[in-house]
Amino acid sequence: MTHSVESRFIAIICGALLIIVAPLFTLFLALSSQQAAQTLRERLEIRLTANAQALSKPLWDLDVDSIRQITSTLSSEAGIRVVKVTDTLGKLDVTESNLRETGERLDHMTRAITYRAPEGEQEVGTISIYFSRVGLFSSLDNRELAFISIFIVAILTVVGAAILGNRTMIIRPLMRLTAAIEATRRLGSRHHVDWRSTDEMGRLAKSFNEMQIQLEREERELKLAHQQTTETYNLTPAMLFSLNERDLIWAVSDYWLLATGYARKDVLGRPFVDLITPADRMRYLTRKALGYRDQSTVAPSDRKSRTCEVTVGFLCADGHVMDVLILETELAATGSESPTSLSVMTDVTELKQSELRNHRQAITDHLTGLLNRQGFEAVLDEKIAQADRNGSDVACLFIDLDRFKSINDTLGHASGDSVLCQFVTRITPLIEEGDVAARLGGDEFALLITGSTAETRANAICSQIVDMFDTPFRAGSSTVRLSASIGLAFYPRHAKSAAELLQKSDMAMYVRKRDGKNGAKIYDESILDRARERAEIERDIEIAVASRWFESHFQPIVNVQTGGIEGFEALMRLRHPNKGLLSPARIIEVAEETGSINQIGAIMLEESLANLQRISSLPGMGHTYVAVNFSPLQFEPSLPARLAALVARHGIHPQRLVVEITEAVLMHDDPKVRKILDEIQAFGCRIALDDFGTGYSSLSYMSRFPVDIVKIDQSFIRSIGSGQSEVQQKSRMLVEGISAISHKMNCTVIAEGVETRQQHALLKQIGVDCAQGYLFSTPRGIDDLMADLRSSTSALESLTG
């Protein structure tokens, strides 16, 4: 640095001398020499003119001696080197010379010599002188040379003083500053500059010393922080490690080494991915893209620290695999020489195993050990994908055990569980490798049959399952007989997805159960049509309840003996705005399955009482009653209170409301139902037993339940007028028996489905109390019925025509 700074300083001074002083000095010499040359020329011209006049006479007379004397005198003048005189006639040529050097450069001057003769002015010759040119220094006198010498000495003194001052005031402190910096760099300790002054260099030295003191203090703090960080990093009971930008291991904690069994020298600088199991390496390599994707829209300036996590298998030093959760945090440092991430590695092997156990438990039925619905649906997706790859079929068997609920109800759930396990034991030999069995819930099971012969095997298995129910099951100390309803669907013939395959096998099973149980049903498109029809009915019911499309149509109940109207049966109708009046049978069936029968029943009850209130205003109709059909689902503890509130609101005596029930309400002999019926009868309403004589009808119902009216099923009424003597005779005997027993028990007897006068006459002979049917009237809307009743003097005549 010394040579560099000082050399540049000297170069600047020399440059200034060359640029400023040298041109000025040169200009001064040039002006001096020019002035001296001009003065010399003027002097020589005067001397040349004077000598030309002096030579006119001697040259006219050709006086050579005089000419030489004059030229000799002239040549002795300062600066004149040669004097030459010639005449015009060429007879005379006188030259005087005092040249010192042959190569000396000379200037010359020439004048004509004239003589004034009697004839006038005549040119007699010429005189020429040659003199030395005036140089830059040749024109200087001693005073000027002394001045120039003083000037040069002054300039050299200033330059020397400047160089000395630069070396003393600048170079020396800079050298000390440089020495302090070099010592700090080489030795690592903070050196100070020993220089004190009040000028800029002193302030620079002071600032440098203060900076060194500050850096020394901060360095001590950094060393302390680094020591604390290192101790924290190594003593923290967690597996910590850091990676650089190339995912090479930059640092590991002592606990990491203890847990993994590696030595620090063996892992530092090693790619971390080498320690990951091959199956998890790709997932680990893509961890950052997956972990940071949620922050892709965040500006880089807003990202303080980005993190990602991944669970992988880690290869320990002894070769065993440890499941670890790695939580990686991105650091701001960049470059291969510094860490770019800090990661915490947690051993989750036990947690992973626990998750696997929990997952197995979550997808396994605890009773049978088969897959449950969740596990079956997951495996079904896999089997569908596998079938797509192999171009094979998948058969799904949906199995429902018929009458299984009665085992739980009569023998207990323990016996039911035992039967389920026995069923699983029987079907296990039917399952081959690649097949899947599952318990979907309750008494529902599913089998997946895969492979190229899936359809053939599935049909054979269906037959085997049906046959295995010929052998009874053990339920405690007794035996029970069951059957199974099986639905069968094939992929891809019947379904395009796993969910659709399970759904359609379920639909096929439901059809089999509805058609008589104990068998298998292969899915076909008609099943889907019926399902769509059912879905459409459900939708219509939902809209009809909200929009009150339900109407209560009345069918008169006529006294067989007198022909008068005793009452009306309220029959539900749905008036669709587009489809018109819909049949109630399918609607009631769907409503009871979906539970919406309660809402429909409430609407029908209120509509029926309102219609009865309107009819009561007609002459002779004040004593009539309305019989309303009730579903078993409507028998809730609040029913008697609701009936009381409704009859009071419409101003109708309770005896004019008949609660019409079927054997389904009574067959389980439920004490709660019996209590509700007792409360309804005690309140004043009457109970009618509908469709008596069919199903499991028993005379015991009439003794165990409060029944006021018995309605004989229309199948018996049609038989007594069928024309077949044997059938007619038996049907008449049954009707007579039912009528006689009912009367003995103080029950009113009503015959349903009376369509001919012959049937009417026979019922009159038998002694049936009342009848209803198309002979008297079809179920009619309240407006049409009231219009006919108003216009007729005899109600019976108006209805029978």
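Reader: Against which elements do the buried residues of α15 pack?

Author: This is a predicted model, in which local features need pLDDT of at least 70, side-chain atom pairs count only at pLDDT 80 or more, and totals for chains, interfaces and linings use all residues. Residues are numbered from 1 along each chain as its sequence is written, and side-chain values use heavy atoms, with hydrogens and water left out. Helices (H or I, at least four residues) and strands (E, at least two) are DSSP runs, numbered from the N terminus. Buried means under 20% relative accessible area, with a 1.4 Å probe and protein chains only. The buried residues of α15 pack against α11 (373-390), β10 (393-402), β11 (436-441), β15 (483-491), β16 (519-522) and α16 (525-547). Among these buried residues are L501, L502 and M509.

Reader: How is the packing of two helices, such as α12 and α13, described?

Author: Two packed helices are described by the angle between their axes and the distance between the axes. Here α12 (404-411) and α13 (413-427) pack at about 145 degrees, their axes 6 Å apart. Axes are lines fitted to C-alpha atoms over the stretch in contact, and angles run from 0 to 180 degrees between N-to-C directions. Contact means heavy atoms within 4.5 Å; F404, I407, N408 and L411 of α12 meet residues of α13 including V419 and L420.

Reader: What is the strand order of the open sheet of five strands?

Author: Strands of a sheet pair through backbone hydrogen bonds, either parallel or antiparallel. Two strands pair if DSSP finds at least two bridges between them. The order is β6-β5-β9-β8-β7, with antiparallel pairing. Each of β6 (249-252) and β7 (307-315) has a single partner strand, so one side of each lacks a neighbour in the sheet.

Methods
Buried means under 20% relative accessible area, exposed over 50%, partly exposed in between (1.4 Å probe, protein chains only).
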